[in-house]
Amino acid sequence: DMYELASADIATAKSSNAGVKELAAMIKTDHTASTAKLKTIAPTEAADTTLPTEMDERRKGLIDNLNAAPAADFDRVWLTQQVAAHNEALTLLNGFTDHPDAPGLTALATEIIPKVTAHRDRAQALLDAM
């Protein structure tokens, strides 16, 4: 969620495309909500796991690429990243959909999958329309 939230903020600031801005707002809302839910569930469902407090180097690099993208290329770069990032998120979430030892995480993953799929599909549609 950290990458999605940071990239949504950048898209809101840098894009002039109404569709991109709308998707960024949706991503910001949905990923803020999923982060809050995860922070509530994780202490009991994954007590031995520490949630990250900052992005890994790869995602920091993606953010750097967004910040450096020229205005003419920004929307394409951002949308391409969103499709890839949301595909990665779906792979991760689908891995949690059958964990009887962590029913709260399973329920959260199941709840989030349709939203992440919608984000990816909207990003792909906007990209295809370019």
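Biologist: How many salt bridges are there by this rule?

Modeller: A salt bridge here is a side-chain nitrogen of Lys or Arg within 4 Å of a carboxyl oxygen of Asp or Glu. By that rule the count comes to 8 salt bridges. This is a predicted model, in which local features need pLDDT of at least 70 and side-chain atom pairs count only at pLDDT 80 or more, while totals for chains, interfaces and linings use all residues. Residues are numbered from 1 along each chain as its sequence is written, and side-chain values use heavy atoms, with hydrogens and water left out.

Biologist: Which side chain meets Lys60 in a salt bridge at 3.1 Å, N to O?

Modeller: That of Glu54. Lys60 also forms a salt bridge with Glu57, where the closest N and O atoms are 3.5 Å apart.

Biologist: Where do Glu57 and Lys60 lie?

Modeller: Helices are DSSP runs (H or I, at least four residues; strands are E, at least two), numbered from the N terminus. Glu57 and Lys60 both lie in helix α3, residues 57-68, and are 3 residues apart, about one turn of the helix.

Biologist: Is Glu57 buried or exposed?

Modeller: The classes rest on relative accessible area: buried is under 20%, exposed is over 50%, and partly exposed is in between (1.4 Å probe, protein chains only). Glu57 counts as exposed because its relative accessibility is 60%. Lys60, at 27%, counts as partly exposed.

Biologist: Which residue meets Asp121 in a salt bridge?

Modeller: Arg120 does, with 2.9 Å from N to O. Asp121 is partly exposed because its relative accessible area is 40%, and Arg120 is partly exposed at 22%.

Biologist: Which residues are linked in a network of salt bridges?

Modeller: Asp56, Arg58, Arg59 and Glu88 are linked in this way.

Biologist: What describes two packed helices?

Modeller: The angle between their axes and the distance between the axes. Axes are lines fitted to C-alpha atoms, for helices over the stretch in contact, with angles from 0 to 180 degrees between N-to-C directions. Helix α1 (residues 2-14) and helix α2 (residues 18-45) have axes that come within 9 Å and cross at roughly 155 degrees.

Biologist: How are α1 and α2 oriented to each other?

Modeller: Under 35 degrees counts as roughly parallel, over 145 as roughly antiparallel, 65 to 115 as roughly perpendicular, and the rest as oblique. The helices α1 and α2 are therefore roughly antiparallel.

Biologist: Which residues of α1 meet α2?

Modeller: Contact means heavy atoms within 4.5 Å. Glu4, Leu5, Ala8, Asp9, Ala11 and Thr12 in α1 meet residues of α2, including Val20, Ile27 and Thr35.

Biologist: How close do the axes of α2 and helix α4 come?

Modeller: They come within 12 Å and cross at roughly 35 degrees, with α4 spanning residues 71-95. The α2 residues in this contact are Val20, Leu23, Ala24, Ile27 and His31, and those of α4 are Asp75, Trp78, Leu79, Gln82 and His86.

Biologist: What does Glu45 touch, not counting residues up to four places away in sequence?

Modeller: Glu45 touches Asp101, Ala102, Pro103, Gly104 and Leu105. Glu45 has its place in helix α2 and counts as partly exposed at 24% relative accessibility. The C-alpha atoms of Glu45 and Asp98 are separated by 14 Å, the two residues being 53 residues apart along the chain.
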